[in-house]
Every structure is written in structure tokens, then in C-alpha cells.
Amino acid sequence: MATSSSFSTLRHPSLKLPLSSKQSVFPVFSVNLSGRKRNLPRFLIVASGGLSSKPTVLVAEKLGAAGLDLLKDFANVDCSYNLTPEELCTKISLCDALIVRSGTKVSREVFESSGGRLKVVGRAGVGIDNVDLAAATEFGCLVVNAPTANTVAAAEHGIALLAAMARNVAQADASVKAGKWQRNKYVGVSLVGKTLAVMGFGKVGSEVARRAKGLGMNVIAHDPYAPADRARAIGVELVSFDEAIGTADFVSLHMPLTPATSKMLNDETFAKMKKGVRIVNVARGGVIDEEALVRALDAGTVAQAALDVFTVEPPPTDSKLIQHERVTVTPHLGASTMEAQEGVAIEIAEAVVGALKGELAATAVNAPMVPAEVLTELKPFVELAEKLGRLAVQLVTGGSGVKTVKVTYASARAPDDLDTRLLRAMIIKGLIEPISSVFVNLVNADYTAKQRGLRIAEERILLDGSPENPLEYIQVQIANVESKFASAMSDSGEIRVEGRVKDGIPHLTRVGTFEVDVSLEGNIILCRQVDQPGMIGTVGSILGEENVNVSFMSVGRIAPRKHAVMAIGVDDQPSKEVLKKIGEVPAIEEFVFLKL
Ligand SMILES: NC(=O)c1ccc[n+]([C@@H]2O[C@H](COP(=O)([O-])OP(=O)(O)OC[C@H]3O[C@@H](n4cnc5c(N)ncnc54)[C@H](O)[C@@H]3O)[C@@H](O)[C@H]2O)c1
Ligand SMILES: O=C(O)[C@H](O)COP(=O)(O)O
């Protein structure tokens, strides 16, 4: 890359040695947990119960014992079940995390009432339709779920309902217990050879399909997003919605409740089904228009239904649907096996504890998931990104008016190999936090930037050379602003800072058109001066007199004896008097103190 200035790095004789690469390079936040000190990456969270206290987790619905034990090792656990919405809103301001199942509405009011303390909502199960995800994201609250541990339980319950419905098990059971013996009334239908349409071919749907094939059924599936090869692998054909519902003898629902799937089965779609079709729903009640289902049952279009889930839970006791003779119901039991509940409890407890520690959760619902190995590699670049953002915004006159920021990632790796979401989020954090009271994390970074009218334009530069490192440098440029340190402006008129990771430690390597090299630790003083002998000593002595420890000094100059920019790393914040003295050194033309 062409340079417009030469540079040199000097170490002051009395300077503290830089961190070795063996020392922690990510000492961003440290919290005392269970008596142990830990250095935590602050990608997302940090429990805010105070540096020395444990975080508090509110468990609002019954959770398996193994999960509770895991939580208790790490946090204060408050198990309070059956809270009213008002009680939940009152309690939540004292909690760092909340764990729920499907029975608790985590509404916008819950996030508003938390006063910013709530950092994680753990959904002990799959469906997150009871959590206001938009509100969670706005408030920077991570939502995690437990997507795998109850899959088999739900699939088994689907099959149980399918068979029970076909053979009138529930109705016959009630009849026998009522003293009757109605063998002719409860003649059922066979499953073998019948066509089952699995609607939603995800985790549960595919397990239902596998089991139904074992029962000798002909299984077809509809799922606009499922890969055909996964279906083919278990001998299932993916078909259109109309073909699935038009040819099936049994329809089993396994899609999530979303605006697109809400009331997917309605008067119009029931009319397209085979007369006498049978419906199973272990997904969500809202995917069926329940009044339309009652009409279809009464008209005989639908012969029977078996339902585990309802639009309103628990449903009204006088509901025509619940009371319908040809409807079999269970109270949302799909995930309720001993095994699934223990599994879900462990899965969610691990996710919540990890998130409270600031780790990226693999089951995050409202934040990008970054695989652990990618994360390890990106760690120092994540820190670099945040610090470049912090430096750049502090260079803006008045610190405000930042609207357009261009970020350049230079790497020898193919663009597809670099996921910049985490880096972008940390740059946004760096840009916004020094000038506001907003807490920015990976969850709410893009949202917060948008709210503040901050546009981040990202560019990749493909470099020649070895793709060993994920990145060579990151450059942050702020356009259409003035700088309180004129030398930070690039030739094209933007504030420009650039950094690299050296031996695992982020370094500032360019300011404006000047190349420097100073490790991004502590704080930084940037001075522009006439390049002449003795400047390092002069400024170093002023700082030394006040016992301000200098960690690094680096001088970048345009040409010998012309202008130079000196970057000085200091551990402490110099007093106003010291900064004034530096400003009074005759050769110093401008300077700025920047907090990292
Ligand atoms: N009754 C229970 O206790 C219980 C237990 C577990 C899961 N569930 C529910 O079952 C559903 C599925 O769970 P999962 O773990 O299989 O989730 P999943 O995400 O693995 O699968 C859902 C599938 O639905 C598909 N889909 C999305 N929109 C669709 C549409 N318009 N038409 C057809 N398919 C569509 C997706 O592509 C995905 O493959 C969820 O709603 C979940 O909450 C209920
Ligand atoms: O979405 C789910 O995981 C199921 O509906 C289970 O819900 P539950 O945790 O309330 O049993």
C-alpha cells in the first residue's frame, strides 16, 4: 500500500515494556464470579449486579433440576412461577437474566421495566413467539433458546396424537370410564398406506416423517426453506402447499408461528383438502384459524383433529373446538417428557450462563452466531475495531454530527471467509458509547446505529499474500465532519484512523496521512509538531514529572525536519495542567488526548 509518510517507533528509556503476547489481550471486563476472577470478552453482555456480586437469574416457569443446578453454580436464582404480568415487570428490574417456557409473555413492557439490567432472555424450548424479539433487540437484550433438546419429545407426541386420533383412544377411554362399552362407535381408521403431509420439515417435522414412514405411511412434506436432499435422504418428497394439503389423508403441522404462517389453515385452505382429512397440530395454535376448524369439522371436511397447542393457552373451557367430540386435546405437552425437560433445562442454563459471561451464544435468536473457532481468531480484531471507533469519534470536533462512516477491511482472505458483523458491531459500539449513555452490544449495534442515523459503509480490500491472518488492517473513516486534530484528516478530507493486530495486540498504525505505531492500551496523546530533535524527551519529561506512565511513543513524519505526528500511549489520564504544558511546547502545533 502506498504511504504518504515515513514512520519510526521508539521506546522511551524509562518506558514500561509492552504486554507480551502471552499476556491477556482481551482484558475488557472482569467480574468476580463464584470467587474466581475472570477476564471476559464483552461482545454482548456483562452481568450488572455489580463487579463483585453474582448476577441474578429469574426462572419464571418450571425448569429441570440439572439446569437449575448449573445456574446456581454461577448466579443467584429466583424461581418465581405464575407471576402476573405486573409482578414480572416489577421483579425484572432486579434481574440480569430471565428464563421462561411458552407460558410467559415477555412483552415490550418487560424490557422497558428492566431499566436496562436485563441482558438475556432464555427460552427453555424452541418457539420464541412469546418473546417480543424487536423490543429485546432494541434494548440490547440477547434472546437464546434451546432448539434441540425437545425435538424427539415433540415428534413422539405428534405420532402419539396421530395414532390416538385415528383409533379414538381418548374418546373411547372417556366412554369406558363413564361405564359404557361402545365398540361400534369407536371404529377407527388405519395409518398404513395413508398419505401424511408434514407441513414444516424442520427438526420436529423430519422426525415425525421418519417415524410415520416406519408406520407404513406415504409421507410428503411442504417447507419452502427445506433442502430437497434432506427430504430425499429419508424418502420424503417435498411438494407445494396446495399439493400437500390437497392429497393428504393426514396433515401434521410443524412450522413456527410467524406473520406468514398465522392462520395458515383457514376456511379457504380447508376447502382445498380431501374430504375427511385429519389434522394434527403440535406446532402453535395460531397457525390454525380455530373458528374455521370448527366449521370444517361440522361440515365434515375435516373428520378429526388432534391438538396440543391453542391460540390462547389455556383455552376457554367452553371453547367449541375443545369440546368438539371429534377433537382430541392435550395441554401443550409436546416437550413434556422427563428426558426432554432435563435436556432443555441444561441447554438453556448453559446458553444463559455463557451469555452472562459475555460469550457468544450458539443458540442466539436475535444476534449473529459466530462459530467459536472464528471468534477465537477474531478476538484481537474485535478489540481493535472497538478502539478504532472510539478513537475516530473522539477526533471529531464536538464529538457529534457523525453520519457516515466508512470501514475498510484489508485481508488476503477471500471476502466470503470474513464475517464482519461482529467487527462492525464493535466499531459502532466504539463510535457511539463515548458520546452517549447508550449501551451498545452485538445485539443492538445495527439497530442503535440506524436509530441515530449513522450509516456504516463497509469495503473489503483483497491483498496479495498469505491468508494466515483474518485481517491485515482495519481502517475507519468519518466523512463530512471537522476534526479537533487537523492532522487526522486524510487527503480526501475524512478523519482517518487505521490499525493492525501485532502479536495479538491491537495497534494504531495510521492517523490521517501519518503512519504511527502505538499499541492500543491505556490512553493516547496525539501531537503534531515540527520534526526536530528532543521532542520525545520534552514531552516525556512533562508526563514523567506528573508520574504519568508512558507505555509507547511513535513518531510518523512527512519528511525529516518537516511535520511529524507523535503518538504517545499513557497508562493514566494526565491532568489538565500537564496537557496545558504539552500544548505550550513551542514546536507543538496541535495535540489531542484520547481515551480508549
Ligand atoms: N408442542 C410442543 O410442545 C412443541 C415442542 C417443540 C416444538 N414445537 C413447535 O414446533 C415447531 C417446529 O419446531 P422445530 O424445532 O421443528 O423448528 P425448526 O425451526 O427446526 O423447523 C421449522 C420448519 O418450519 C419451516 N417453515 C417456516 N415457514 C414455513 C411455512 N410457511 N410453511 C412450511 N414450513 C415452514 C422452516 O423452514 C423449518 O424447516 C415450532 O413452532 C415449535 O415451537 C412445539
Ligand atoms: O416451542 C417449544 O419448545 C414447545 O412448544 C415447548 O413449550 P414448553 O416449553 O412451554 O413446553
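Reader: How do the residues of the shell around ligand 2 divide into nonpolar, polar and charged?

Author: Three are nonpolar, five polar and three charged. In this scheme Ala, Val, Leu, Ile, Met, Phe, Trp, Tyr, Cys and Pro are nonpolar, Asp, Glu, Lys and Arg are charged, and the others, Gly among them, are polar. This is a predicted model, in which local features need pLDDT of at least 70 and side-chain atom pairs pLDDT 80 or more, while totals for chains, interfaces and linings use all residues. Residues are numbered from 1 along each chain as its sequence is written, chains are lettered from A and ligands numbered from 1 in the order written, and side-chain values use heavy atoms, without hydrogens and water.

Reader: Which residues are around ligand 2?

Author: A residue counts as near if one of its heavy atoms lies within 4 Å of the molecule or strand. Around ligand 2 stand Arg-101, Ser-102, Arg-123, Ala-124, Gly-125, Val-126, Gly-127, Asn-150, Arg-284, His-332 and Ala-335.

Reader: What lies 2.4 Å from an oxygen atom of ligand 2?

Author: A polar contact is a pair of N or O atoms within 3.5 Å. At 2.4 Å from a ligand 2 oxygen is an N or O atom in the Ser-102 side chain. Backbone atoms take part too: an N or O of Val-126 is 2.6 Å from an oxygen of ligand 2, and a polar backbone atom of Gly-127 is 2.8 Å from an oxygen of that ligand. Of the 310 Å² of accessible area that ligand 2 has on its own (Shrake-Rupley method, 1.4 Å probe), the protein covers 91%.

Reader: How many residues surround ligand 1?

Author: The count is 26, with Lys-203, Val-204, Asp-223, Val-282 and Asp-308 the closest. By class, 13 are nonpolar, nine polar and four charged. The Lys-203 side chain has an N or O atom 2.8 Å from an oxygen of ligand 1, and the Asp-308 side chain has one 2.9 Å from a ligand nitrogen. From the backbone, an N or O atom of Gly-334 is 3.3 Å from a ligand 1 oxygen.

Reader: In what order do the strands of the five-stranded open sheet run?

Author: Strands of a sheet pair through backbone hydrogen bonds, parallel or antiparallel. Two strands pair if DSSP finds at least two bridges between them; strands (E, at least two residues) and helices (H or I, at least four) are DSSP runs numbered from the N terminus. Here the order is E5-E4-E6-E7-E8, with parallel pairing. Strands E5 (76-79) and E8 (142-145) are the edges, each pairing on one side only. Four bridges join E4 (56-59) to E5, and Leu-58 has Asp-78 in E5 as its bridge partner.

Reader: Which helix lies across E4, E5 and E6?

Author: Helix H1 (65-74) does, with contact meaning heavy atoms within 4.5 Å. Helix H1 runs at about 140 degrees to E5, on a scale from 0 to 180 degrees between N-to-C directions of axes fitted to C-alpha atoms, for helices over the stretch in contact. Helix H13 (338-356) also packs on this sheet, touching E4, E6, E7 and E8, at about 170 degrees to E7.

Reader: Why is one side of E17 and of E21 left without a neighbour in the sheet?

Author: These strands belong to an open sheet of six with mixed pairing, ordered E17-E16-E18-E19-E20-E21. E17 (455-462) and E21 (514-519) stand at the edges with a single partner strand each, so one side of each has no neighbour in the sheet. The twist averages 20 degrees from one strand to the next. E16 (404-411) and E17 pair in the parallel sense over eight bridges, and Val-405 stands opposite Ile-456 in E17.

Terms used
Polar contact = N/O pair within 3.5 Å; in protein donor to acceptor, adjacent residues only side chain to side chain.
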